[in-house]
Amino acid sequence: MAAVTPRLSLGLALLGLLGGACQQTLVLDDSSPDSGRPSGTGGSGGKGVGTADASSDGRCVGGQSLPLQFAADAPQLLVVLDRSSAMSASFGTNDQLHAALSAIQAEVSRYSGGHNGRASIQFTFIDFPDTATDCNAANGCCSSDSTDSYADFQDASTCNGGGPMSCLQSMDRPTAVALGKAYAYYAGGGSQHSNDRYVMLVTDDDPQGPCPANDTACSDAIAAVGDLTDIGVTTEVVAIGAGAPCLSELATAQSGVFPQPYYVAAAPTDLPNMIDDVAQTVADGGCHLTLTQPPAGQITVVFNGVIQPQDSGTTGNGWNYGGNNDTRVFLHGSLCQNFLQGNPNSAFGLQIYAGCAPEQLQNP
(Lines give C-alpha, C1' and ligand atoms only; values in the text may rest on other atoms or scores of the structure.)
Protein backbone atom coordinates (compact mmCIF):
# COMPACT_ATOMS: atom_id res chain seq x y z
CA MET A 1 0.00 0.00 0.00
CA ALA A 2 1.48 3.32 -1.00
CA ALA A 3 1.81 5.92 1.71
CA VAL A 4 -0.52 8.89 1.70
CA THR A 5 1.13 11.75 -0.15
CA PRO A 6 1.24 15.03 1.82
CA ARG A 7 -1.22 17.48 0.31
CA LEU A 8 -1.87 21.17 0.21
CA SER A 9 -4.30 22.53 2.73
CA LEU A 10 -7.24 23.06 0.38
CA GLY A 11 -10.05 23.49 2.85
CA LEU A 12 -9.45 27.24 3.03
CA ALA A 13 -9.28 27.47 -0.75
CA LEU A 14 -12.59 25.67 -1.03
CA LEU A 15 -14.17 27.94 1.56
CA GLY A 16 -13.05 30.89 -0.51
CA LEU A 17 -14.52 29.28 -3.60
CA LEU A 18 -17.86 28.67 -1.98
CA GLY A 19 -18.30 32.37 -1.25
CA GLY A 20 -20.33 32.89 -4.44
CA ALA A 21 -19.77 34.80 -7.66
CA CYS A 22 -18.33 38.27 -7.22
CA GLN A 23 -19.63 41.38 -8.91
CA GLN A 24 -17.39 42.91 -11.53
CA THR A 25 -17.44 45.52 -14.25
CA LEU A 26 -17.80 44.45 -17.89
CA VAL A 27 -18.13 45.92 -21.49
CA LEU A 28 -19.83 44.21 -24.54
CA ASP A 29 -20.81 44.41 -28.28
CA ASP A 30 -24.05 43.02 -29.81
CA SER A 31 -24.77 40.21 -32.28
CA SER A 32 -24.99 36.47 -32.01
CA PRO A 33 -26.93 33.48 -30.74
CA ASP A 34 -26.44 31.89 -27.37
CA SER A 35 -23.50 29.78 -26.37
CA GLY A 36 -23.23 26.07 -26.96
CA ARG A 37 -21.39 23.65 -24.66
CA PRO A 38 -19.11 20.84 -25.81
CA SER A 39 -20.26 18.62 -22.95
CA GLY A 40 -23.15 19.15 -20.57
CA THR A 41 -26.92 19.33 -20.49
CA GLY A 42 -27.43 21.64 -23.42
CA GLY A 43 -26.94 25.35 -24.02
CA SER A 44 -28.66 28.27 -22.41
CA GLY A 45 -31.35 28.81 -25.00
CA GLY A 46 -30.51 32.30 -26.24
CA LYS A 47 -32.72 34.15 -28.67
CA GLY A 48 -30.08 35.36 -31.14
CA VAL A 49 -29.69 38.87 -32.46
CA GLY A 50 -28.97 40.65 -35.70
CA THR A 51 -26.23 43.08 -36.59
CA ALA A 52 -28.19 46.33 -36.74
CA ASP A 53 -26.01 47.92 -34.08
CA ALA A 54 -22.65 46.95 -35.54
CA SER A 55 -20.80 48.67 -38.35
CA SER A 56 -19.64 46.73 -41.41
CA ASP A 57 -15.97 47.10 -40.43
CA GLY A 58 -16.56 45.88 -36.86
CA ARG A 59 -16.14 49.23 -35.11
CA CYS A 60 -18.51 50.34 -32.40
CA VAL A 61 -21.45 52.47 -33.58
CA GLY A 62 -23.27 54.92 -31.32
CA GLY A 63 -22.46 56.61 -28.07
CA GLN A 64 -20.62 55.34 -25.04
CA SER A 65 -22.65 54.32 -22.00
CA LEU A 66 -21.80 53.35 -18.44
CA PRO A 67 -20.09 50.03 -17.65
CA LEU A 68 -22.41 47.14 -16.87
CA GLN A 69 -22.09 45.04 -13.71
CA PHE A 70 -22.02 41.25 -14.02
CA ALA A 71 -21.60 38.08 -12.02
CA ALA A 72 -19.78 35.00 -13.31
CA ASP A 73 -21.40 31.60 -12.82
CA ALA A 74 -19.72 29.39 -10.21
CA PRO A 75 -19.94 25.88 -11.73
CA GLN A 76 -20.36 23.02 -9.29
CA LEU A 77 -18.50 19.71 -9.50
CA LEU A 78 -19.44 16.91 -7.10
CA VAL A 79 -16.75 14.22 -7.10
CA VAL A 80 -18.07 10.71 -6.36
CA LEU A 81 -15.04 8.51 -5.61
CA ASP A 82 -14.93 4.72 -5.34
CA ARG A 83 -12.80 3.53 -2.43
CA SER A 84 -13.81 -0.14 -2.44
CA SER A 85 -11.11 -2.68 -1.62
CA ALA A 86 -10.34 -3.16 -5.32
CA MET A 87 -9.10 0.44 -5.48
CA SER A 88 -5.97 -0.70 -3.58
CA ALA A 89 -4.74 -2.34 -6.81
CA SER A 90 -1.42 -1.04 -8.11
CA PHE A 91 -1.60 1.68 -10.73
CA GLY A 92 1.82 2.74 -11.91
CA THR A 93 3.89 3.82 -8.92
CA ASN A 94 0.78 4.26 -6.77
CA ASP A 95 -2.51 2.50 -6.09
CA GLN A 96 -5.72 3.44 -7.85
CA LEU A 97 -7.23 5.32 -4.91
CA HIS A 98 -4.24 7.52 -4.28
CA ALA A 99 -3.68 8.12 -7.98
CA ALA A 100 -7.26 9.37 -8.17
CA LEU A 101 -6.90 11.52 -5.05
CA SER A 102 -3.73 13.09 -6.42
CA ALA A 103 -5.36 13.92 -9.76
CA ILE A 104 -8.43 15.39 -8.04
CA GLN A 105 -6.28 17.45 -5.67
CA ALA A 106 -4.48 19.01 -8.64
CA GLU A 107 -7.79 20.26 -10.04
CA VAL A 108 -8.90 21.61 -6.65
CA SER A 109 -5.63 23.51 -6.42
CA ARG A 110 -6.02 24.86 -9.95
CA TYR A 111 -9.67 25.90 -9.91
CA SER A 112 -10.53 26.71 -6.30
CA GLY A 113 -9.17 30.26 -6.36
CA GLY A 114 -5.65 29.92 -4.98
CA HIS A 115 -2.63 31.98 -6.12
CA ASN A 116 -4.86 35.07 -6.57
CA GLY A 117 -6.75 33.28 -9.32
CA ARG A 118 -10.46 33.13 -9.89
CA ALA A 119 -12.50 30.60 -7.89
CA SER A 120 -14.01 28.97 -10.97
CA ILE A 121 -15.35 25.65 -9.58
CA GLN A 122 -17.24 24.84 -6.39
CA PHE A 123 -16.09 21.36 -5.33
CA THR A 124 -18.09 18.88 -3.27
CA PHE A 125 -17.14 15.28 -2.46
CA ILE A 126 -18.81 11.91 -1.78
CA ASP A 127 -17.05 8.55 -1.44
CA PHE A 128 -18.32 4.98 -1.33
CA PRO A 129 -18.60 2.53 0.34
CA ASP A 130 -18.53 4.26 3.69
CA THR A 131 -19.57 3.55 7.26
CA ALA A 132 -22.36 6.11 7.44
CA THR A 133 -25.06 5.39 10.00
CA ASP A 134 -28.05 5.73 7.64
CA CYS A 135 -27.77 2.27 6.08
CA ASN A 136 -26.36 -1.22 6.62
CA ALA A 137 -22.64 -0.52 6.68
CA ALA A 138 -21.85 -4.17 7.32
CA ASN A 139 -23.12 -4.96 3.83
CA GLY A 140 -21.14 -2.17 2.20
CA CYS A 141 -24.30 -0.34 1.16
CA CYS A 142 -23.41 3.14 2.38
CA SER A 143 -21.75 6.18 0.92
CA SER A 144 -20.47 9.21 2.77
CA ASP A 145 -22.50 12.35 3.07
CA SER A 146 -21.48 15.21 0.80
CA THR A 147 -18.76 17.55 2.07
CA ASP A 148 -17.27 20.74 0.68
CA SER A 149 -14.09 20.38 2.75
CA TYR A 150 -11.22 18.75 0.87
CA ALA A 151 -9.57 17.86 4.18
CA ASP A 152 -12.70 15.97 5.29
CA PHE A 153 -12.90 14.25 1.92
CA GLN A 154 -9.27 13.16 2.07
CA ASP A 155 -9.69 11.79 5.59
CA ALA A 156 -12.82 9.88 4.64
CA SER A 157 -11.30 8.52 1.46
CA THR A 158 -8.07 7.37 3.07
CA CYS A 159 -9.54 6.46 6.48
CA ASN A 160 -7.33 9.02 8.26
CA GLY A 161 -4.15 7.98 6.49
CA GLY A 162 -4.44 4.21 6.61
CA GLY A 163 -5.40 3.76 2.98
CA PRO A 164 -8.32 1.76 1.64
CA MET A 165 -7.36 -1.43 3.48
CA SER A 166 -8.16 0.32 6.81
CA CYS A 167 -11.53 1.48 5.50
CA LEU A 168 -14.74 -0.49 5.44
CA GLN A 169 -13.61 -3.82 4.02
CA SER A 170 -15.90 -4.30 1.06
CA MET A 171 -15.56 -5.21 -2.59
CA ASP A 172 -19.09 -3.87 -3.07
CA ARG A 173 -19.62 -0.64 -4.99
CA PRO A 174 -22.93 0.97 -3.96
CA THR A 175 -22.66 3.36 -6.89
CA ALA A 176 -26.40 3.99 -7.02
CA VAL A 177 -26.44 4.97 -3.34
CA ALA A 178 -23.64 7.50 -3.86
CA LEU A 179 -25.29 8.92 -6.98
CA GLY A 180 -28.54 9.15 -5.01
CA LYS A 181 -26.77 11.32 -2.43
CA ALA A 182 -25.44 13.46 -5.26
CA TYR A 183 -29.02 13.91 -6.45
CA ALA A 184 -30.14 14.88 -2.95
CA TYR A 185 -27.35 17.44 -2.76
CA TYR A 186 -28.27 19.14 -6.03
CA ALA A 187 -32.02 18.84 -5.56
CA GLY A 188 -31.68 20.50 -2.18
CA GLY A 189 -31.33 24.03 -3.50
CA GLY A 190 -29.13 26.55 -5.22
CA SER A 191 -29.91 28.91 -8.06
CA GLN A 192 -27.22 27.83 -10.48
CA HIS A 193 -27.98 27.59 -14.19
CA SER A 194 -28.74 23.94 -14.89
CA ASN A 195 -25.82 23.37 -17.25
CA ASP A 196 -23.30 24.43 -14.61
CA ARG A 197 -23.82 21.40 -12.35
CA TYR A 198 -21.80 18.20 -12.71
CA VAL A 199 -21.05 14.87 -11.06
CA MET A 200 -17.71 13.17 -11.75
CA LEU A 201 -17.82 9.46 -10.91
CA VAL A 202 -14.31 8.00 -10.50
CA THR A 203 -14.28 4.21 -10.17
CA ASP A 204 -12.45 1.12 -11.39
CA ASP A 205 -15.43 -1.12 -12.16
CA ASP A 206 -19.17 -1.53 -12.53
CA PRO A 207 -21.61 -1.13 -9.63
CA GLN A 208 -21.99 -4.31 -7.61
CA GLY A 209 -23.27 -5.56 -4.28
CA PRO A 210 -26.46 -6.29 -2.34
CA CYS A 211 -27.80 -2.74 -2.40
CA PRO A 212 -30.53 -3.90 -2.69
CA ALA A 213 -29.44 -6.73 -5.01
CA ASN A 214 -26.40 -7.39 -7.18
CA ASP A 215 -28.49 -8.13 -10.27
CA THR A 216 -30.01 -4.62 -10.15
CA ALA A 217 -26.83 -2.71 -9.21
CA CYS A 218 -26.28 -1.46 -12.76
CA SER A 219 -29.91 -0.58 -13.49
CA ASP A 220 -30.18 1.19 -10.13
CA ALA A 221 -27.14 3.31 -10.99
CA ILE A 222 -28.53 4.09 -14.45
CA ALA A 223 -31.78 5.21 -12.84
CA ALA A 224 -29.81 7.46 -10.46
CA VAL A 225 -28.01 9.06 -13.42
CA GLY A 226 -31.40 9.61 -15.03
CA ASP A 227 -32.63 11.38 -11.90
CA LEU A 228 -29.60 13.67 -12.03
CA THR A 229 -30.21 14.38 -15.72
CA ASP A 230 -33.81 15.31 -14.95
CA ILE A 231 -32.63 18.18 -12.74
CA GLY A 232 -30.01 19.35 -15.22
CA VAL A 233 -26.92 17.65 -13.77
CA THR A 234 -24.38 16.01 -16.11
CA THR A 235 -22.61 12.85 -14.91
CA GLU A 236 -19.05 12.45 -16.19
CA VAL A 237 -17.69 8.90 -15.76
CA VAL A 238 -13.95 8.28 -15.33
CA ALA A 239 -13.13 4.55 -15.40
CA ILE A 240 -9.74 3.48 -14.04
CA GLY A 241 -8.28 0.48 -15.84
CA ALA A 242 -9.93 -1.34 -18.71
CA GLY A 243 -13.38 0.22 -18.40
CA ALA A 244 -16.59 -1.71 -17.82
CA PRO A 245 -19.90 -2.20 -19.67
CA CYS A 246 -22.22 -0.61 -17.11
CA LEU A 247 -19.98 2.42 -16.70
CA SER A 248 -20.33 3.09 -20.42
CA GLU A 249 -24.10 2.74 -20.07
CA LEU A 250 -24.12 5.28 -17.25
CA ALA A 251 -22.51 7.82 -19.55
CA THR A 252 -24.72 7.12 -22.57
CA ALA A 253 -27.93 7.09 -20.50
CA GLN A 254 -27.88 10.89 -20.59
CA SER A 255 -29.74 12.30 -23.55
CA GLY A 256 -28.47 15.46 -25.19
CA VAL A 257 -24.94 15.25 -23.74
CA PHE A 258 -22.13 15.50 -26.28
CA PRO A 259 -19.41 14.38 -26.48
CA GLN A 260 -20.07 11.17 -24.57
CA PRO A 261 -18.91 11.84 -20.98
CA TYR A 262 -17.03 8.54 -20.60
CA TYR A 263 -13.27 8.41 -20.02
CA VAL A 264 -11.22 5.20 -19.73
CA ALA A 265 -7.88 5.75 -17.97
CA ALA A 266 -6.12 2.59 -19.05
CA ALA A 267 -2.65 3.87 -18.11
CA PRO A 268 -1.55 5.84 -15.03
CA THR A 269 -0.66 8.84 -17.19
CA ASP A 270 -4.20 8.89 -18.60
CA LEU A 271 -5.93 9.49 -15.28
CA PRO A 272 -4.75 13.04 -14.46
CA ASN A 273 -5.27 14.11 -18.08
CA MET A 274 -8.84 12.80 -18.17
CA ILE A 275 -9.78 14.29 -14.81
CA ASP A 276 -8.29 17.56 -16.04
CA ASP A 277 -10.46 17.32 -19.20
CA VAL A 278 -13.57 17.02 -17.03
CA ALA A 279 -12.50 19.89 -14.77
CA GLN A 280 -11.79 22.10 -17.79
CA THR A 281 -15.27 21.42 -19.18
CA VAL A 282 -16.79 22.36 -15.83
CA ALA A 283 -14.58 25.43 -15.36
CA ASP A 284 -15.67 26.81 -18.73
CA GLY A 285 -19.04 27.45 -17.08
CA GLY A 286 -17.29 30.19 -15.13
CA CYS A 287 -17.14 32.08 -18.43
CA HIS A 288 -20.94 32.32 -18.44
CA LEU A 289 -21.83 35.75 -17.13
CA THR A 290 -25.07 37.35 -16.00
CA LEU A 291 -25.53 41.10 -16.34
CA THR A 292 -27.32 42.77 -13.47
CA GLN A 293 -29.56 44.53 -16.01
CA PRO A 294 -30.30 43.89 -19.69
CA PRO A 295 -28.55 46.17 -22.19
CA ALA A 296 -30.73 48.47 -24.28
CA GLY A 297 -28.82 47.62 -27.44
CA GLN A 298 -25.19 47.22 -28.43
CA ILE A 299 -22.60 46.07 -25.93
CA THR A 300 -18.79 46.06 -26.08
CA VAL A 301 -16.47 43.60 -24.31
CA VAL A 302 -12.97 44.68 -23.30
CA PHE A 303 -10.24 42.53 -21.74
CA ASN A 304 -7.02 44.09 -20.47
CA GLY A 305 -7.72 47.24 -22.42
CA VAL A 306 -8.36 45.50 -25.76
CA ILE A 307 -11.79 45.36 -27.40
CA GLN A 308 -12.74 41.70 -27.91
CA PRO A 309 -14.50 40.34 -31.02
CA GLN A 310 -17.80 38.53 -31.10
CA ASP A 311 -17.68 34.97 -32.43
CA SER A 312 -20.06 32.35 -33.77
CA GLY A 313 -21.57 31.54 -30.40
CA THR A 314 -20.12 28.03 -30.08
CA THR A 315 -16.47 28.34 -31.11
CA GLY A 316 -13.81 31.00 -31.35
CA ASN A 317 -11.85 33.15 -28.96
CA GLY A 318 -14.37 35.90 -28.36
CA TRP A 319 -17.82 36.24 -26.84
CA ASN A 320 -21.51 36.29 -27.61
CA TYR A 321 -24.76 36.93 -25.77
CA GLY A 322 -28.46 36.19 -25.99
CA GLY A 323 -29.59 39.41 -27.62
CA ASN A 324 -31.38 42.63 -26.71
CA ASN A 325 -32.99 42.56 -23.26
CA ASP A 326 -31.06 39.39 -22.39
CA THR A 327 -28.62 39.29 -19.48
CA ARG A 328 -26.42 36.29 -20.40
CA VAL A 329 -22.93 36.74 -21.89
CA PHE A 330 -20.62 33.86 -22.88
CA LEU A 331 -16.82 33.95 -23.25
CA HIS A 332 -15.04 31.36 -25.41
CA GLY A 333 -11.59 29.96 -26.15
CA SER A 334 -8.58 32.04 -25.16
CA LEU A 335 -10.74 34.88 -23.86
CA CYS A 336 -12.43 32.45 -21.47
CA GLN A 337 -9.11 31.00 -20.30
CA ASN A 338 -7.57 34.43 -19.78
CA PHE A 339 -10.61 35.48 -17.76
CA LEU A 340 -10.49 32.34 -15.58
CA GLN A 341 -6.78 32.73 -14.91
CA GLY A 342 -6.98 36.44 -14.15
CA ASN A 343 -7.01 37.99 -10.71
CA PRO A 344 -10.68 38.68 -9.88
CA ASN A 345 -9.66 41.65 -7.74
CA SER A 346 -7.79 43.37 -10.54
CA ALA A 347 -9.30 46.58 -11.92
CA PHE A 348 -7.65 45.84 -15.27
CA GLY A 349 -9.43 42.78 -16.60
CA LEU A 350 -12.77 42.04 -18.20
CA GLN A 351 -15.18 44.93 -18.64
CA ILE A 352 -18.55 45.18 -20.42
CA TYR A 353 -20.03 48.44 -21.63
CA ALA A 354 -23.51 49.28 -22.86
CA GLY A 355 -22.86 50.95 -26.17
CA CYS A 356 -19.27 51.78 -27.12
CA ALA A 357 -16.09 51.44 -25.09
CA PRO A 358 -14.23 54.57 -23.97
CA GLU A 359 -12.79 56.49 -26.90
CA GLN A 360 -9.21 55.68 -26.05
CA LEU A 361 -10.00 51.97 -26.62
CA GLN A 362 -11.73 52.39 -29.97
CA ASN A 363 -10.26 50.68 -33.02
CA PRO A 364 -8.69 53.12 -35.53
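**Entry 1: strand β6**

I take buried to mean under 20% relative accessible area, and exposed to mean over 50%. The model I examined is a predicted one.

I began with strand β6, residues 122–128, and asked how many of its residues are buried. Seven of the seven are, so I record β6 as largely enclosed by the rest of the structure. I then sorted its side chains by direction. Q122, T124, I126 and F128 point one way from the strand, and F123, F125 and D127 point the other way. Residues of both groups are buried.

**Entry 2: the sheet around β6**

I looked up which strand pairs with β6, and in what sense. The partner is strand β3, residues 76–82, and the two run parallel over seven bridges. Within this pairing I noted that Q76 has Q122 of β6 as its bridge partner, and that V79 stands opposite F125.

Five strands form an open sheet with parallel pairing, in the order β6-β3-β7-β8-β9. I identified β6 and β9 (262–265) as the edge strands, since each pairs on one side only. Neighbouring strands of this sheet are turned by 20 degrees against each other on average, direction ignored. I note here that strands of a sheet pair through backbone hydrogen bonds, either parallel or antiparallel.

I also checked what lies across the sheet. Helix α7, residues 270–283, lies across β3, β7 (197–203), β8 (234–240) and β9. I recorded its direction as about 160 degrees to β9.

**Entry 3: helix α2**

I turned to helix α2, residues 96–111, which has 16 residues. From its first C-alpha to its last I find 23 Å, close to the 22 Å expected at 1.5 Å a residue. Of the 16 residues, 13 are buried, so I describe α2 as largely enclosed by the rest of the structure.

Which residue caps the N-terminal end of α2? I find D95 there, with a side-chain oxygen 3.1 Å from the backbone nitrogen of L97.

**Entry 4: salt bridges**

I searched the whole structure for salt bridges and found six.

The side chains of D73 and R328 meet at 3.1 Å, N to O. D73 lies in the loop between β2 (64–72) and β3, and R328 lies in strand β14 (residues 328–331), so this pair ties together parts that are 255 residues apart in sequence. I checked accessibility for the two residues and found both D73 and R328 buried.

R173 forms a salt bridge with D82, and I read 3.2 Å between the closest N and O atoms. This pair links distant parts of the chain, with R173 in the loop between α3 (150–158) and α4 (175–187) and D82 in strand β3, 91 residues apart. Both R173 and D82 are buried. I also looked for a network and found D82, R173 and D204 linked in a network of salt bridges.

The side chains of K181 and D145 meet in a salt bridge of 2.9 Å, N to O. Here K181 belongs to helix α4 and D145 to the loop between β6 and α3, 36 residues apart. Are K181 and D145 buried or exposed? K181 has a relative accessible area of 16% and is therefore buried. D145 has 52% relative accessibility and therefore counts as exposed, the cut-off being over 50%.

Methods:
Residues are numbered from 1 along each chain as its sequence is written. This is a predicted model: local features need pLDDT of at least 70, side-chain atom pairs count only at pLDDT 80 or more; totals for chains, interfaces and linings use all residues. Side-chain values use heavy atoms; hydrogens and water are left out. Buried means under 20% relative accessible area, exposed over 50%, partly exposed in between (1.4 Å probe, protein chains only). Helices (H or I, at least four residues) and strands (E, at least two) are DSSP runs, numbered from the N terminus. Two strands pair if DSSP finds at least two bridges between them. A salt bridge is a side-chain nitrogen of Lys or Arg within 4 Å of a carboxyl oxygen of Asp or Glu. The expected span of a helix is 1.5 Å times one less than its number of residues. A polar contact is a pair of N or O atoms within 3.5 Å; within protein, one must be able to donate a hydrogen and the other to accept it, and residues adjacent in sequence count only if both atoms are side-chain atoms. Axes are lines fitted to C-alpha atoms, for helices over the stretch in contact, and angles run from 0 to 180 degrees between N-to-C directions. Contact means heavy atoms within 4.5 Å.
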